[in-house]
Amino acid sequence: MVEKAAAPRIPAVRRALLRAARALTTPLLPDDYIALLDPRWSTREATGTVVRARRETDEAVTLVVRPTHGWPGHRPGQYLRIGAEIDGIRHWRAYSITSDPEHPEGLVAVTVKEVEEGKMSPFFTRDCPPGTIVFLGAVEGEFALPQPLPPKALMISAGSGITPIFSMLRELERRDALQDVVHLHGTRTAEGFIFGGMLRDLAERHEGYRLHEQLSAQDGRLKTTHLDDLVPDWRERETFMSGPREMIDAFVEHWEGEGIADRLHTERFQPIIGDGSAEVGSGGTVRFRVTDKEATCESGVSILVGGEEAGATLPYGCRMGICHTCVGRLRVGRVRDLRSGEVHGEEGETIRTCVNAPEGHVEIEL
Amino acid sequence: MSTESGPSTSSIPDTQDDARPGVSRRGGDPTASNPLHRLTPEQIEEIGEAFQKIHDEVRADLGDRDATYIRSIIEFHRRLTALSRIVLMASRYPPAWLLGTTGLSVAKILENMEIGHNVLHGQWDWMNDPQIHSSTWDWDTASTAASWKHSHNYIHHTFTNIVGKDKDVGYEFMRIDPKQPWEPFFLLQPLLNVLVMVAFEWGVAIHDLDLEAIRKGKKDKRQLRDELKGIAGKAVRQIAKDYVLFPALSGKHWKKTLKANFTANIVRNVWANAIIFCGHFPDQAYTFTEEEVADETRGGWYVRQLIGAANIEGSDTFHLMSGNLSYQVEHHLFPDMPSSRYKEIAPKVKAVCEQYGLPYNTGPFLQQWLMVQRSILRLAFPGGQERPKPGAYVAPPEPPRERPTVPGVAGPVPAFP
């Protein structure tokens, strides 16, 4: 029930040998003993070693990682769950992969923008020197370039939402497919534009790539009303968009209004969370992914009780938060601990349904 | 769930004064013998808050130090196991046999007590490390992790010492409390006791099945089949490893290695049995009737955990080898707190006991163990009285402070100035 790294890719012979050796190590795995010699020899979880941290802007760093085992590959635009241990606790975050899927040395990179109040981003941007071991999750995400490549594309990005767009642009260049791409990017200042230098350079070299930088500190944020001026033919373009939630919501509505929503592909990074102002929270909705049930929990009602009332068959035990029978993995949203009132929960964390209530919409693997 | 089907042995009469209403309605009787009944509802509430505070402080402080601790214990266990198995390949030489068997016994004890039991309690789940997590862990014993988590973490730790609800009170075939009615079957108890000691892991595995429910036909057939399959699967793997494969690796002296593995399993079983029986069955521990704990609040739950368990005194090594279950009182108050913290919080628990006039049950290993054995022998026969319970905890007087040995210098003088 706990969030795991991906299973590394290892040769079938080695896997078979390990399986046979389990007879001698049960209930442990041969890997548990092999890891005593060198942790990287374990095949239980995919890991990687940070080889460098390249500073992109004052706030953003690209973390270049050498996977311990072979890299399964990815498509530009997809993201990677990456885990690291801070003060004894393993945390996970998902970041867009910004490296070339066919990197000659098999390296993988993600680009992280520091969030001041965050837990992981300050770690990755400041305290993650070469040699740090990180855990690698599965490559995920549907946000990727379609096949065949669109003849006319529009890229819209803002802030750190540039990362998947950057991957796509570089892929288009590599495949010599930058015939007609317009890119609108919202950034507070020109200096804070992650990959700004590389993209300006790309615009110089390729006539087919047109870059517009919207500096929100002086010209305001990128809005749908800008579209007709900046890209008169925006309705005809296959559009890829990544940025803050409010911005995406506004653009999605605009595309829907024109009846061309299927041409807009989006990537959201922020979950929708209840405001959590009251002591017992706002309550919310729960989707149980395994039993395929939906429940609504009023303020102060635990996920377990709400789920049972909705007819879901859920594991339970003490119902007071001590026995850890009722745990499920949180997939979407955040929860409120009914004992402390604290709102917590990260994607992939295991939570006890008996003492936690949803805070907004929650999806859980149970 | 079968265990939810109601009190299985509710025919047990309340042997204490008759017609005692629920605790919540009786609170604050200063003449009551059970400390739970002496407390007013307000006091119980305060005690609950005091214990919750201890819990929350530790929870907020967990970090690298704790992660390093459990990892080093796990690593030590694995190194010791591997080394012992290698040494046992030469088990035809008596010193190698002795060394390997000792190493393997210690490793198996650590694996069951300080690692397996505590990981399966979810004590280390906060690390979010899938390799040290209650949902993924399995241990070197006959019962499956899943069924043990149900019968132990849930049934035993929720209904602790409630006669008829907590199936660990006598494990359904022993009479260890005078509240349990005597049956002729219990005459076999002294014999069964020895059997349970040496075959403890198998006893635990069978206990998880919930014999009572099976006998009454209340157990879901499919669940029973799955559980039997689970135990059989584990048994096959355990037996193959200890009694077939590793002996085979020793070649023609396979018998010696087989004996070594058998010995290690017995040593582990006897030790685990002793520690666990000492935690609950010494005379000082209170048991409860279902009526007593009706409408129990969080504070009442804490008090029941506190007076239902008993500690064992010993050295740090002793605590480690007992999986810190020698801090059974602390463990029952905070079953999902990392075991390594029990020693640190013990003074705070004692302080609560002292403030509210509650007992803090503890004693040396041999004394606790003998008490348990005495009860088991005595209660094999009809009748039996509740043994006298300890009084309120009183902190021992503080040892006199060491005075500086050099005149005119304030404070202790450092050894190497």
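A residue counts as buried under 20% relative accessible area, as exposed over 50%, and as partly exposed in between (1.4 Å probe, protein chains only). In this predicted model, local features need pLDDT of at least 70 and side-chain atom pairs count only at pLDDT 80 or more, while totals for chains, interfaces and linings use all residues. Residues are numbered from 1 along each chain as its sequence is written, and chains are lettered from A in the order in which they are written.

Asp87(A) is partly exposed, with a relative accessible area of 42%. Although Asp87(A) is not a glycine, its phi is positive, about 50°. Phe195(A), also not a glycine, has a positive phi near 65°; this residue is buried, at 3% relative accessible area.

Two cis peptide bonds deserve a look in chain A. One runs from Thr26(A) to Pro27(A), with omega near 5°; the other joins Gln147(A) and Pro148(A), with omega about -5°.

We can now turn to where the chains meet. Contact (heavy atoms within 4.5 Å) involves 44 residues from chain B and 31 residues from chain A. The two chains bury about 3,300 Å² between them, 56% of it on carbon and sulfur atoms; buried area is the accessible area (1.4 Å probe) that two parts lose on being put together, summed over both. On the side of chain B, Arg78(B), Asn128(B) and Gln131(B) lose the most area to chain A, together 19% of what that side buries.

Four salt bridges are counted between chain B and chain A, each a side-chain nitrogen of Lys or Arg within 4 Å of a carboxyl oxygen of Asp or Glu. Glu85(A) and Arg71(B) form a salt bridge through their side chains, at 2.7 Å from N to O.

Conventions. Heavy atoms only, no water.
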